[in-house]
Amino acid sequence: MNTSFAEIPEEYKIKELIHQKSYLVSGDLKTWEGETTEVFSTISSTSVYKPTLLGSIPNLGKKEALEALDSACLAYDKGQGLWPTMKVIDRIKCMDTFVKMMKTKRNEIVKLLMWEIGKNLPDSEKEFDRTIEYIYDTIEDYKNMDRDSAKFSKSDGINAHIRRGPLGVVLCLGPYNYPLNETFCLLIPALIMGNTAIFKPAKHGVLLITPLLEAFQKSFPKGVINIVFGRGRTVASPIMETGKVDVLALIGNSVSANALQSIHPKKNRLRLVLGLEAKNPAIVLPDADLDLAIDECIAGTLSFNGQRCTALKVLYVHKDIIEEFNKRFSARVDALKFGNPWEAGVKLTPLPEKEKPAYIQELIDDAINLGAKIINDKGGNITDNYIFPAVMYPVNKEMRLYKEEQFGPIIPILSFTDIEEPLDDMAESNYGQQVSVFGKNTNTLAPLIDTLVNLVCRVNLNSSCQRGPDVYPFTGRKDSAYGTLSVHDALRTFSIRTFVASKDNEYNNEILNELLDKKASNFISTDYIL
Ligand code: G3H
């Protein structure tokens with residue numbers, strides 16, 4: 001899609017480039033004089049198509065990566081650091097300062113979300129607002145957790161003061177499709193629990209971290225959060241090789257996750273928090289409300305062009321309704337508006353990965369060779385930065401489209417007669433995040449739900465799959481995830497139960513009372529925050 005500069009609304013025009021020269025290490029925003037990488041948007045600002053240059057980022061090397069690691073290790077300081085030993089209320093104050101500063105950057109970040117990853121305006125705004133809400137909810141949940149642990153337990157003559165403590169140094173890597181939200185859903189709970197972190201932004205959606213660098217620097221003690229830029233192989237690998245990372249928190253691709261885990265020399269030290277690929281199916285039963293099922297399948301397959309881990313990536317439709325479903329679904333896909341992210345009513349937007357249209361084309365060609373057809377008129381229409389969603393039917397298990405997580409605008413449809421067919425496929429699949437089921441008859445639904453909950457981690461009844469609300473557990477079976485994230489679960493995931501135990505006798509109790517009276521320890525304390 002070609003747009004002349006004049007057509008872009010004034011507030012979204014790229015007038016100044018962001019040449020991001022600094023990285024955050026040991027509380028300093030250090031200036032990088034070395035090699036940089038240019039950041040382009042696949043959105044054109046000229047009437048003849050041309051990717052738009054947005055700016056550049058430092059291309060840091062191993063030396064700077066290890067400097068960031070040392071800074072995080074020093075801030076943790078073998079558990080003695082200011083941050084891991086700080087009172088909960090003081091860590092919360094730092095987080096409050098950060099969120100206040102972050103809120104002032106909304107416009108800049110929303111604009112960059114649109115240019116860097118092509119997310120439409122309402123969804124970009126939602127990503128920002130949802131992240132702010134997540135931070136506030138995390139603070140509240142942490143207060144609750146702290147209140148619950150502001151007490152002693154007694155069992156078998158042993159007094160115990162049990163809390164959750166940090167794990168150590170976290171390496172945090174987020175995905176390009178939610179470069180703010182998903183990354184912060186790892187980083188914020190990791191930090192608030194007293195861990196220190198090294199964060200490397202995703203390849204796309206990286207400049208949008210620039211407006212936040214100063215907020216990070218000013219809100220947290222030095223070394224608690226370190227932000228580096230560059231290629232994963234150059235920056236993340238040397239950090240992992242040292243064996244000093246306690247937690248790998250990564251949302252993205254299993255290839256990177258496996259590679260990073262495998263080079264960590266101390267396998268049992270390394271905790272994993274991973275959100276990986278999924279191939280969430282929709283199962284449309286013969287008695288489904290077709291209007292509702294189609295609405296939800298459109299949103300499920302194509303919001304943000306299908307670039308969501310929770311997207312519906314394969315549709316199973318019962319044979320009795322397949323014809324009607326395909327006809328109506330295809331027409332709805334063709335009616336979706338494609339355009340630049342700021343245009344009113346756009347549902348489909350440019351793909352941030354320049355090689356994506358060619359990849360989707362490969363999936364189409366392979367499926368056609370193996371007997372599928374594109375059943376919507378506009379399906380597969382290719383432009384410089386987009387390929388119109390192709391609805392492919394009938395898809396079979398030999399096709400790459402069935403096997404690979406497409407993460408883009410292409411929709412495979414299979415028909416089934418016996419419910420065992422999709423259930424067998426799900427059981428065989430390497431993935432197990434969520435499923436959507438469309439139907440009404442409770443005699444059919446009851447046994448189906450009872451099976452599906454054992455194959456995935458969220459069964460969505462008559463609605464598409466999604467992560468939110470963020471208070472609900474977000475996880476997956478098999479290769480889809482490791483660990484559970486929600487506002488509450490993430491606090492648990494980034495911490496461990498640790499406690500002080502003492503025999504219940506006069507000698508020990510006197511010491512405990514004195515510790516409590518003097519308020520000398522931040523751990524042994526029955527004070528709590530309201
Ligand atoms: O990419 C995966 C995201 O967690 C999906 O979140 O369901 O809110 O789009 P969402």
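User: Where does S26 lie?
Analyst: S26 sits in the loop between strands β2 (22-25) and β3 (28-31), where helices (H or I, at least four residues) and strands (E, at least two) are DSSP runs numbered from the N terminus. This is a predicted model, in which local features need pLDDT of at least 70 and side-chain atom pairs count only at pLDDT 80 or more, while totals for chains, interfaces and linings use all residues. Residues are numbered from 1 along each chain as its sequence is written, and side-chain values use heavy atoms, with hydrogens and water left out.

User: What's the phi of S26?
Analyst: The phi of S26 is positive, about 50°, although S26 is not a glycine. Most residues other than glycine have a negative phi.

User: Is S26 buried, partly exposed or exposed?
Analyst: S26 has a relative accessible area of 31% and is therefore partly exposed, since buried means under 20%, exposed over 50% and partly exposed in between, with a 1.4 Å probe and protein chains only.

User: And F304, where is that one?
Analyst: F304 is in the loop between α10 (290-302) and β14 (312-318), and it is not a glycine either, yet its phi is positive at about 45°. With a relative accessible area of 6%, F304 is buried.

User: Now α12, how far apart are its end C-alpha atoms?
Analyst: They are 20 Å apart, which agrees with the 20 Å that the 14 residues of α12 (356-369) should span at 1.5 Å a residue, the expected span being 1.5 Å times one less than the number of residues. After α12 comes G371, with a positive phi near 110°.

User: Which α12 residues are buried, and what covers them?
Analyst: K356, P357, I360, L363, I364, D366 and A367 are buried in α12, and their cover includes β15 (373-374), β16 (390-393), α13 (400-403) and β17 (410-416), with contact meaning heavy atoms within 4.5 Å.

User: Last one: at what angle do α1 and α8 cross?
Analyst: The axes of α1 (62-76) and α8 (232-241) cross at roughly 45° and come within 8 Å, each axis being a line fitted to C-alpha atoms over the stretch in contact, with angles running from 0 to 180 degrees between N-to-C directions. The two helices are therefore oblique to each other, because under 35 degrees counts as roughly parallel, over 145 as roughly antiparallel, 65 to 115 as roughly perpendicular and the rest as oblique. K62, A65, L66 and L69 of α1 meet T234, V235, P238 and I239 of α8.
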